[in-house]
Structures are given as structure tokens and as C-alpha cells.
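Dear colleague,

Please find the structure below, handed over for your records. A summary of the findings follows it.

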Amino acid sequence: MKMTIKTGDNVLVITGKDKGKQGKVLEVNRETNRVTIDGVNVVKRHQKPRSQQDKGGVISKVAPIDASNVMVVCPSCGKPSRVGHKEIDGKKVRICKKCGTSLDKEFVKASKKEAKKATEAKATVKEEVKTEAKATKTTKTVEKKTTSSTKTAEKATSTAKTAPKKSTAKKSEA
């Protein structure tokens, strides 16, 4: 099985006793599908001195964990995300599924330029939508003002018509 994690990547542990910890990948073993991460899965080993210069005792060292328990953290957006693949300049490159930028250092500049173009295009579309929304709001407020003024005029005439009827009804009851 191919691994999407490489040495030097910043990763987040998503399961296990070290869930939530981030660290840099020190070593990748593709045969066993395990990765060694700095500061994650630290175990203690009792070591016997082999010579007079060596010291024995309890030694802490980093043990590998399964690669399926980690997610790559995107350097541009800073969020853990799944890894996708894209072809840039004839080479297959790993990309962030959330923001679309490259995870490989050689192609980060090219993908940042693409991301800027995409955000600029989104910004222009948002501005166009805002101007259209403002135009519709002004027409709606004009319509509301005309309808509200006609409704108040109708209420005034209807209350004027009903007022004498109520007063005559009260006189007849008394």
C-alpha cells in the first residue's frame, strides 16, 4: 500500500494514547506501514551497560505508530487534512484536500499562486453578489413603503366606517 506521509511532514495524531499531539515525522517504514514521530509514543526501556563507558538505566525513546493513526497538517492552512494527488509540471504532487495547496516543498510556490488566483476569483464573485443584493433590497424597501402607506390609509378608512356602527350598537344596548 502506498503511503501519503513522508519524512519531514508535520502530522497530527488522531487516535490512540497520544491523540491530539502534533509532531514532525522522523522515519517512515513502508513495509510495516508505520511512522516515527518526534515526541509521540515515547516508551521507556531498561538498558544494561555493554561496556564500562556505557551507562545503564531506564532510557526513553520514540516508538513507531501506525500510519493510519495520523493526518498530515497542511503548512499553508494549518489544518489536518486528507492528502490528494495532482500533476504539476509533469510530476505527481501531494496536495491538501481542504485548501488545494501543495504539501511537497518544491511545488509550494506554484500551488500558492493557483490558490491566490482562486481566492481573487471568489472575491470578485462575492462583490458582484453583494451589489446585486443591495439593488434588490432598495427595490424591496420602496415597494414596502408604498404598500405600507396604502395599508395605513385602508385601515383609517375601515376604522372610520366601523366606529359609528360600534357606538350605535352600544347606545341601543344601554
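Strand β1 (residues 10-13) pairs with strand β2 (residues 22-29) in the antiparallel sense, over three bridges. Strands here are DSSP E runs of at least two residues and helices are H or I runs of at least four, numbered from the N terminus; two strands pair if DSSP finds at least two bridges between them. Within this pairing, N10 lies opposite K24 in β2, and L12 faces Q22 in β2.

Please note that this is a predicted model, in which local features need pLDDT of at least 70 and side-chain atom pairs count only at pLDDT 80 or more, while totals for chains, interfaces and linings use all residues. Residues are numbered from 1 along each chain as its sequence is written, and side-chain values use heavy atoms, with hydrogens and water left out.

β1 also pairs with strand β7 (residues 70-73), again in the antiparallel sense and over three bridges; here V11 has V72 in β7 as its bridge partner. Both pairings belong to an open sheet of six strands, ordered β6-β3-β2-β1-β7-β8, with antiparallel pairing. The edges are held by β6 (65-66) and β8 (80-81); each has a single partner strand, so one side of each is left without a neighbour in the sheet.

Turning to the helix, K137 is found in α1 (residues 108-173). K137 counts as exposed because its relative accessibility is 58%, the cut-off for exposed being over 50% (1.4 Å probe, protein chains only).

Yours sincerely

Notes
Buried means under 20% relative accessible area, exposed over 50%, partly exposed in between (1.4 Å probe, protein chains only).
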